[in-house]
Amino acid sequence: MYLSRFLSLHALWVTVSSVIQHYTSAWGHYDVCKTQIYTDEGKFWDYTACQPEAIDMMKYVKVSLDPPDITCGNPPETFCGMGNPYMCNECDAAIDELAHPPELMFDAEGRYPSTYWQSTTWKGYPQPLLVNITLYWNKTIELTDNIVITFESGRPDLMILEKSLDYGRTWQPYQYYATDCLNAFNMEPKTVRDLSQQTVLEIICTEEYSMGYMANSKILHFEIKDRFAFFAGPRLHNMASLYGQLDTTKNLRDFFTVTDLRIRLLRPATGEIYVDPQHLTRYFYAISDIKVIGRCKCNLHATGCREENKKLLCECEHNTTGPDCGKCKKNYQGRPWSAGSYLPIPKGTANICMPSISSIGTNVCDNELQICQNGGTCHNNVRCQCPAAYTGVLCEKRSCEMDPDGCSQSSAQGAISLPCVILLLPLIAPLGLSGFLIF
């Protein structure tokens, strides 16, 4: 009896293990666009949704400052510590050791002394000291981790982080930062922890990162992962839920998508309510590091993104082309272009561009380039004979898509569904697998 139960549990574990391995890799990066499959009926391509890995986007960033002459050092000037107005240093653009140009905001970290960009001091007080720092990539980016800004000076009393989706033509706020949100922006202070699934797109003002100058308080966040967690769980184990939401909610997708970011510095750290006009050399902005982690947006049609002529370009698959794989190749416009889809999870749907009938001529299918998909067979290079569950020129579409009711959950293909895995988890929990899913 015990042997029988053991063998049953072992068989169950083998089944779940194979599913777990499959889901883990699929939820990680969707790092395969197509796989050649061999069956008794021949070989064909299995196309799946795919996307590039998340990378450090600051390696490819370009930066501009407004006003352009806001960087300190030309002419040379003295700046002093906020805690001690008599402990001062020089900024001189003509001397490398004393210069603080913009590129030091994202150079290699870990050097001592630390390197940083620095603005001029607030010598024009009471006129505001305003700086716009624009980061741009000439490419659409999908953010995958928190934006982190490290200030060498104190964190600013007032700041706005903005984003653009159209290469800087228009801007919208991402988050407001202030020592007093109500007074500065007429907004009640909030943190991301005050949000929910229903309010995840709300633009908030936070006082959490505006505490002036403190030795251990130089870092400012824009929390991406905390917003992911509303759908994927606190440890982001349920990425399937997040991907499903991203697939079906355009506003949510757009929220994590940018072409440019802008840091608007509105008031430097003062460390006090009132500015001391006798020691204006204490007030300035200085940033030692900016981190932006994301991936090239390729509409789920590429696993790679390369730099060419100082521009990032998706390495498009699925017969697509363009910087974001946003259109079909010539002669592959047999149906309208569509972005790939995370659904059905875990492989997603490729939505490949199909050959135009005019380009196919008399040969609709063959055994090399135009291969019948999903188990279809090619007859005399004229047509694909499709299994009952599929249709289309190359059997690329599920038949249920033609139904007015669409594809129900029961029509999805797969060896085992996600709910089944969830139901099985209590049986395998003693094996310590509570954290097997990764992003």
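Residues are numbered from 1 along each chain as its sequence is written, and side-chain values use heavy atoms, with hydrogens and water left out.

The protein contains 7 helices and 24 strands; helices (H or I, at least four residues) and strands (E, at least two) are DSSP runs numbered from the N terminus. Of its 439 residues, 44% are buried, where buried means under 20% relative accessible area, exposed over 50%, and partly exposed in between (1.4 Å probe, protein chains only). The exposed surface comes to about 22,900 Å², of which carbon and sulfur atoms supply 53%; accessible areas come from the Shrake-Rupley method with a 1.4 Å probe, and for residues only the protein chains shown count as cover. Taking contacts (heavy atoms within 4.5 Å) between residues at least 6 apart in sequence, 65% join residues at least 24 apart.

The average pLDDT, the predictor's confidence in each residue from 0 to 100, is 83, and 79% of the residues score at least 70. Residues 9–29 have pLDDT below 50, and this stretch makes 41 contacts in the model beyond near neighbours in sequence. Residues 410–439 also fall below 50, with 43 contacts beyond near neighbours in sequence. Where pLDDT is low, the predicted coordinates should not be read in detail.

A search of the whole structure gives 10 disulfides, a disulfide being a pair of cysteine sulfur atoms within 2.5 Å. One of them joins Cys33 to Cys50, with an S to S distance of 2.0 Å. Distant parts of the chain, 17 residues apart, are linked by this pair: Cys33 is in the loop between α1 (2–29) and β1 (34–39), and Cys50 is in the loop between β2 (42–47) and β3 (55–56). The disulfide is right-handed because the torsion about the S-S bond of Cys33 and Cys50 is about 90°. Cys33 counts as buried at 5% relative accessibility, and Cys50 counts as buried at 0%.

The sulfur atoms of Cys72 and Cys91 are 2.0 Å apart and form a disulfide. Cys72 belongs to the loop between β4 (62–66) and β5 (77–80) and Cys91 to strand β6 (residues 88–91), so the pair ties together parts 19 residues apart in sequence. The link of Cys72 and Cys91 is right-handed, with 75° about the S-S bond. Relative accessibility is 3% for Cys72, which is therefore buried, and 0% for Cys91, which is also buried.

A disulfide is also formed by Cys328 and Cys353, with sulfur atoms 2.0 Å apart. Here Cys328 is in strand β20 (residues 327–328) and Cys353 in the loop between β20 and α6 (357–360), 25 residues apart. The torsion about the S-S bond of Cys328 and Cys353 is about -80°, so this disulfide is left-handed. Cys328 is buried, with a relative accessible area of 7%, and Cys353 is buried at 1%.

The second largest pocket holds about 640 Å³ of space. Its lining comprises 30 residues, and those closest to the pocket centre are Phe79, Asn89, Tyr116, Gln118 and Glu152. Strands β5 and β6 each supply at least two residues of this lining. On a 1 Å grid over the protein atoms alone, a pocket is an open set of points where a 1.4 Å probe fits, with protein on both sides within 12 Å along at least five of seven lines, and lining residues have an atom within 4 Å of a point. Grid points are joined across faces, edges and corners, and the volume is the space filled by probe spheres set on the points.

Terms used
This is a predicted model: local features need pLDDT of at least 70, side-chain atom pairs count only at pLDDT 80 or more; totals for chains, interfaces and linings use all residues.
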